Amino acid sequence: MSSYTFILIHSPLVGPYTWRPVANVLQARGHTAIVPKLLDNPHATNPYWQQEVASVIDQLDVQTLQAPVILVAHSGAGVLLPAIRHAINHPISLCIFVDAGLPPEHSQSRLDTMHAEDSAWASALELELMAGTRYPDWTDSQFQDIIPDAAVRQRLLSEVQPRDKTFFMERIPVFDGWKAAMCAYLGLSETYKLYYQEAVRQGWQTQWIESSHFYMLVNPSTVADVLIGFRACYALWISWFRTAHD
């Protein structure tokens, strides 16, 4: 079986534990799984997105990455994926979005993206942010049905990073050419279904699992299967293409 290198990027609103169970499964199956921690400082002069991208690169030993390399982004990390791909000085064979926002065609803020997903909810959040509230402010009771395992739930919540308005209102640039790598999309929840549908329209590899946004913490083995399957299908396509054009 071929061995792949997966770089698993978590949302800036949570922490690396989001991907740790899946990473453990991938490693047990003979793959390399790297889970960099997104780091940023509200007092830095650089924008959040730029700090987060730089922190990923700083945690990678690019010279030792073994091809093929697959970038995987969950949730709010989706809009960072093009910038990360641009910054990594290494070929990327596949970009996988897991219940994640897709990069917009034009530069916009995270709040703009939220308006596209659910305008009424985003408008309410914007008012709260302008009043000084930080988001997310999730509680254990909100996740009991989504993540039944109390220990897993508490670990996720311990890494939640509430953000203020400056985080949500900064604009993230668009990096041309990020689709030069093949792309795939795994949809998990209704909130992100519009992005899944867009991926279908784009002709990407897609899979829908009716579940929840943090399904990778509930059934990491299944999510790992999908990630590996996406790359395996891509390898078969490349093999067919080369054979057909020889």
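Please keep in mind that the model is predicted. The largest nonpolar core has 37 residues, and the largest pocket has a volume of about 760 Å³.

**Nonpolar cores**
- Within the largest core, the residues that touch the most other members are Leu8, Trp19 and Leu227.
- Two or more residues of this core come from each of β1 (5-9), α1 (20-28), β3 (69-74), β4 (94-98), α7 (150-158), β7 (182-187), α10 (215-218) and α11 (220-244).
- Helix α11 gives the most, with six residues.
- Setting aside residues up to four places away in sequence, Leu8 touches Trp19, Ala23, Leu26, Ala33, Ile34, Val35, Pro36, Val72 and Leu227.
- There is also a second, separate core of 34 residues, which includes Leu60, Ile92, Tyr192 and Ala199.

**Arg153**
- Arg153 sits in helix α7.
- Arg153 counts as buried because its relative accessibility is 7%, and the cut-off for buried is under 20%.
- Its side chain reaches the backbone oxygen of Ile147 at 2.7 Å.
- Beyond its neighbours within four places in sequence, Arg153 is in contact with Asp140, Phe143, Gln144, Ile147 and Pro148.

**Largest pocket**
- Helices α4 (110-117), α6 (140-143) and α8 (165-169) each supply at least two lining residues, and α4 gives the most, with four.
- By type, the lining divides into 14 nonpolar, 11 polar and three charged residues.

Note on methods: Residues numbered from 1 in each chain as written. Predicted model: local features only at pLDDT ≥ 70, side-chain atom pairs only at ≥ 80, totals over all residues. Heavy atoms only, no water. Core = buried A, V, L, I, M, F, W, Y, C linked by side-chain atoms within 4.5 Å. Buried < 20%, exposed > 50% of the residue type's maximum accessible area, 1.4 Å probe, protein only. Contact = heavy atoms within 4.5 Å. Polar contact = N/O pair within 3.5 Å; in protein donor to acceptor, adjacent residues only side chain to side chain. 1 Å grid on protein atoms, 1.4 Å probe; cavity = no way out; pocket = protein on both sides within 12 Å on 5 of 7 lines; lining within 4 Å. Points joined across faces, edges and corners; volume = space filled by probe spheres on them. Nonpolar A, V, L, I, M, F, W, Y, C, P; charged D, E, K, R; others polar.
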